[in-house]
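The stops below proceed from one selection to the next.

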Amino acid sequence: MRLDDVRQAAERLRGVANRTPVATSRTVDDLVGGRVFFKCENLQRGGAFKFRGAYNRLAALSAEERQRGIVAFSSGNHAQGVALAARELEVPATVVMPTDAPTLKLAATQAYGAAVVRYDRLTEDREAIARCLAEEHGLTLVPPYDHPLIMAGQGTAALELIEEVGPLDWLLAPVGGGGLLSGCVIAATGLLPGIKTIGVETEKSNDWALSIEAGHPVRIPPPDTIADGMRTQQPGALTFPIVQRLAYGIRTVTDEEVKDAMRFLLLRMKLLVEPTGAVPVALLLSGRVDLRGQRVGVILSGGNADPALLAEILA
């Protein structure tokens, strides 16, 4: 995958996906000693960056594939992105979601018109269920991250950010399966060869940190983390080598630091960001990366925060 693939995705998404705003904060700049630019994908259609990749993939379906329909598997944001993109393109959609998926994300997926099949993520394999449905009904499988068109679509977030604010020294993004990070690191390094891109995950969902250290994808048990978008068990087969080759590194934060970041974003910047989207902000505010005198981009990946969790964090 190359920068041109991301640019082609941007053309497909023009007038369809929101060109989300970039927020700044003098308070944050003072805290880190640099200039920080937040790409607000919490204000994207469907509430997260996932709409970008989903639409880019579905727009490439043949007429016959569109008629038969698609199947996806997701804990939430990909489900919503796929359901919304399918509605826009009039494609029948089925989504495999875990029984512990956030209620808000389940309801939105169903409201966009997708049929939902539930599974237990501790005992069942969501991808196997989706592949079985695809084979039985002739559906096209739309994975959450491991597909070039998905990755290219997600990379448009970084493309837009750099087009708007100019050169950056650093880019911080959350990493679950790696679709967003792989797409963004291709866009960022394609435009700015010297940029340092960091993927951030929680300590409990540290499959990427372990994998980069080992030099190959490492599988972990189902992680019990506040960041539901990071409950993947291992990096993607396509996303891992791209991140391994182009990213500056992977860092981890605690669930408590994520809660603090969510609280800061909402109360100080008036931005509602879900746990996964707040993960890179947790690293930013931790001071563990020296960003003094630097220009830093941060991808706020989504804003679909569970109301009960939000109430707990703000209590």
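Select Asn42 to begin; Asn42 is buried, with a relative accessible area of 10% (buried means under 20% relative accessible area, exposed over 50%, partly exposed in between, with a 1.4 Å probe and protein chains only). The model is a predicted one, in which local features need pLDDT of at least 70 and side-chain atom pairs count only at pLDDT 80 or more, while totals for chains, interfaces and linings use all residues. Residues are numbered from 1 along each chain as its sequence is written, and side-chain values use heavy atoms, with hydrogens and water left out.

Asn42 sits in the loop between strand 2 (35-40) and helix 3. Helices (H or I, at least four residues) and strands (E, at least two) are DSSP runs, numbered from the N terminus. Display the neighbours of Asn42: leaving aside residues up to four places away in sequence, Asn42 touches Gly47, Leu271, Leu272, Val273, Leu300, Ser301, Gly302 and Gly303, where contact means heavy atoms within 4.5 Å.

Next, select the open sheet of six strands, whose order is 1-2-10-7-8-9 and whose pairing is mixed. Two strands pair if DSSP finds at least two bridges between them. At the edges are strand 1 (22-23) and strand 9 (249-253), each of which pairs on one side only. Strand 1 and strand 2 run antiparallel and are joined by two bridges; Val22 has Lys39 in strand 2 as its bridge partner.

Which strands does helix 12 lie across? Select residues 255-269: helix 12 lies across strand 1, strand 2, strand 8 (196-202), strand 9 and strand 10 (295-300), and runs at about 85° to strand 9. Axes are lines fitted to C-alpha atoms, for helices over the stretch in contact, and angles run from 0 to 180 degrees between N-to-C directions. Helix 13 (residues 275-286) also packs on the sheet, touching strand 2, strand 7 (170-174), strand 8, strand 9 and strand 10, and its direction makes about 155° with that of strand 10.

Between helix 12 and helix 13, pick out Lys270 in the loop. Lys270 is not a glycine, although it has a positive phi of about 60°. Lys270 is exposed, with a relative accessible area of 63%.

Move to the open sheet of four strands, which has the order 5-4-3-6 with parallel pairing. Its edge strands are strand 5 (115-119) and strand 6 (140-142), each pairing on one side only. From one strand to the next, the twist averages 25°. Three bridges connect strand 3 (residues 70-73) with strand 6, and these strands run parallel; Val71 stands opposite Leu141 in strand 6. Helix 5 (residues 77-89) packs on this sheet, touching strand 3, strand 4 (93-98) and strand 6, with its direction at about 160° to that of strand 3.

In the loop between helix 5 and strand 4, select Glu90. Glu90 has a positive phi of about 60° although it is not a glycine, and at 71% relative accessibility Glu90 counts as exposed.

Then select Thr109 in helix 6 (residues 103-111). Is Thr109 buried or exposed? At 0% relative accessibility, Thr109 counts as buried. Apart from residues up to four places away in sequence, Thr109 touches Gly76, Ala79, Gln80, Ala83, Val95, Met97, Ala114 and Val116.

**Two helix pairs**

Show helix 3 (residues 50-58) with helix 8 (residues 148-165): their axes come within 7 Å and cross at roughly 135°. That makes helix 3 oblique to helix 8 (angles under 35 degrees count as roughly parallel, over 145 as roughly antiparallel, 65 to 115 as roughly perpendicular and the rest as oblique).

Finally, show helix 9 (residues 179-191) with helix 11 (residues 239-246), whose axes come within 9 Å and cross at roughly 40°. Helix 9 is therefore oblique to helix 11. In this contact, Gly179, Leu181, Ser182, Val185, Ile186 and Thr189 of helix 9 meet Thr239, Ile242, Val243 and Leu246 of helix 11. By class, the contact has six nonpolar, four polar and no charged residues (Ala, Val, Leu, Ile, Met, Phe, Trp, Tyr, Cys and Pro count as nonpolar, Asp, Glu, Lys and Arg as charged, and the others, Gly among them, as polar).
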